[in-house]
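Q: Please take a close look at a single part of this structure. Describe which residues touch there and how the elements are arranged.

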Amino acid sequence: MSTTPETGQNGEREIFFNAFDMNCVVHQSPGLWRHPEDHAREYNTIGYWTKLAQILEKGLFDGLFIADVLGPYDVFEDSPRAALNSGAQVPVNDPFLLVSAMAAVTENLSFGVTAGTAYEHPYPFARRLATLDHLTDGRIGWNVVTGYLPSAARNMGNVDQMEHDERYDHADEYMDVVYKLLNGSWELDAVVEDRGTGVFTDPTKVHNINHQGRYFSVPGTAVTEPSPQRVPLIFQAGASTRGRAFAGKHAEASFINSPTPQLMSATVEKLRQAAVDAGRDPYDLRIFAMLTVITAATDDEAQAKFEDYASYADVEGALVLMSGWMGLDLSTFDLDEPLGEVESNAIQSTVETFKQASGDDGEWTVRKMAEWVGVGGFGPVIVGSGETVARKMIQWQDETDIDGFNLAYAVTPGTFEDIVEYVVPQLQKLGRYKTGYAPGTLRQKLFGQGDHLNERHHGSQFTPGSLQR
C-alpha cells in the first residue's frame, strides 16, 4: 500500500483545483452579486455555465464542484425573509441539469455534483448518476450530503431532520444500495450487442440485488448498463466525528472547510486516519480545502481589489448562512456577543471549527463571524499577486498535507479568470501544477489507478458474484 501522495511528472506533488460554485445568485460571498463585475445573476442561463466550464478547462482545473441545498436558510429569525432579501443560496436551481451542457463544450473538466441521501430514493438516483457518467465519459463525481436544513425536512413531509448521527446511519445504507445497483447488478460484459442473434443484453449477466435493510427494500436490478466508472467518484464534506468515519469508509475525495492552516492540518490528519481505520490507504482520499483567492498583477492591486469587494459584503446575508450552517439563530445574539457553547443538529464541524479557531484573538463574536464570511464564506482568503498566492498555496499543501483546493469566488467568473491568468502560470513555473490533462475518467485522473473503485474501497465488495452467494 502507498504511504505517500501521488506526484506529477516532474516528481513534485501537484496541487489539484476544483472551482466551487452553486446554481444560485449568492453562494459564499453574500452581497457581492451587486458588484458591477459579478455575473452570478446569470446562474439560470446555459451560457453562464458553459462559459465558466471553458474558463476552467483553459486553466486545467480538475473539476467544478457544485454545491446544493433543498430548502431556504430559515434558521435566522426562524424565517426565510433575510435569505430571500439577501439572495443567500435562494433562489437555487438543480445542479444535475447543468452538467450535460458543460460536458458538451469541454473534454477533460470533471463535475462534482451535490445530492443528498435524505429525500430521494437510491433506486432512481442511481440511474441519474449512471446517466451522467455515460454522458460525460466518466467525468462525474457525487458529493454525498446527509442534509442539514430543517426547511428541507419540513417540505419533504417531516417534522425535522433525523438526528445528526442517524442521518449517517441512513446514508451508509443508501450508499450500499447504490453500490449494489451500479457495481453489483450488471456484469461488465452483460451488454453483448449481438446483431446476428438479436440479443442486446445477456439476461444471465444481470442480477437482482435483493437488498433488504432498515431503511430500504430494493429487490431487483439496476436499469442502467455499466458506465465508465461504474460508481461515479465519491466526494464527501462532513468533518464531524461521525462524518469523518463516513468519509473514511466511502469518500474518495473530501472537501474540508477550515479557516486556518493549523485547523486544516488537524482535519486532514483525522480524515487520513479515518481511511486507515476503514482498512484503506491514507492517500485513497484526495482532500480539497476551501479557499477564496483574490489576485491581480501585483500585491497592491490585489489588496485594492479585495477592499473593493469587501465594501459590497452583506452582514445580514452572512449571518443567514452561518445560522443555517450552525443550526443556531444568530439574530438572537448581540453582534458583539461571544458565540459560547453551542449544541447543533446541523453541520457540527462548523460549530467545532469556529470554537477551535478563536485562538489568541479571543472567542468568536457574531460580528467577527459575519465579517469573516462576507468575502469567501467560511473558508480562508489569500490576497496577493499570482506568485504570492502560488507560494502560499504550496506552503499550505506542504504544511497541511492537503491535495488541492476548492476555490470559491468573490465575483464570477472574474475570480476564476484571475486565477487562470495569474496563479496557474506561477504554480506551473514552480513545478506544482499540471501542464496538461491526464487521459481517462475522473477517478483515473485523480488517482491514476483505473476507472473503478479500488479494491480497498467498501463499495468494491458489491460485485455480481458476491450478490448471488
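**A loop residue and a helix pair**

A: L188 is exposed because its relative accessible area is 56% (exposed means over 50%, buried under 20%, partly exposed in between; 1.4 Å probe, protein chains only). The model is predicted, so local features need pLDDT of at least 70 and side-chain atom pairs pLDDT 80 or more, while totals for chains, interfaces and linings use all residues. Residues are numbered from 1 along each chain as its sequence is written, and side-chain values use heavy atoms, without hydrogens or water.

L188 sits in the loop between α6 and β5 (191-194) (helices, H or I, are DSSP runs of at least four residues, strands, E, of at least two, numbered from the N terminus). Beyond its neighbours within four places in sequence, L188 contacts P226, R230 and H452 (heavy atoms within 4.5 Å). F306 lies 118 residues from L188 along the chain, and their C-alpha atoms are 52 Å apart.

Helix α6 (residues 164-184) packs with helix α7 (residues 241-250) at about 10°, the axes being 10 Å apart (lines fitted to C-alpha atoms over the stretch in contact; angles run from 0 to 180 degrees between N-to-C directions). The two helices are therefore roughly parallel (under 35 degrees). On the α6 side the contact includes H164, Y168, D172, M175 and Y179; on the α7 side it is made by R242, G243, F246, K249 and H250.

H250, in α7, is buried because its relative accessibility is 0%. Its side chain makes a polar contact with the side chain of D172 at 2.7 Å (N or O atoms within 3.5 Å, one able to donate a hydrogen and the other to accept it). Not counting residues up to four places away in sequence, H250 also touches M175, Y179, I234, R280, H457 and H458.

Notes:
Parallel < 35°, antiparallel > 145°, perpendicular 65-115°, else oblique.
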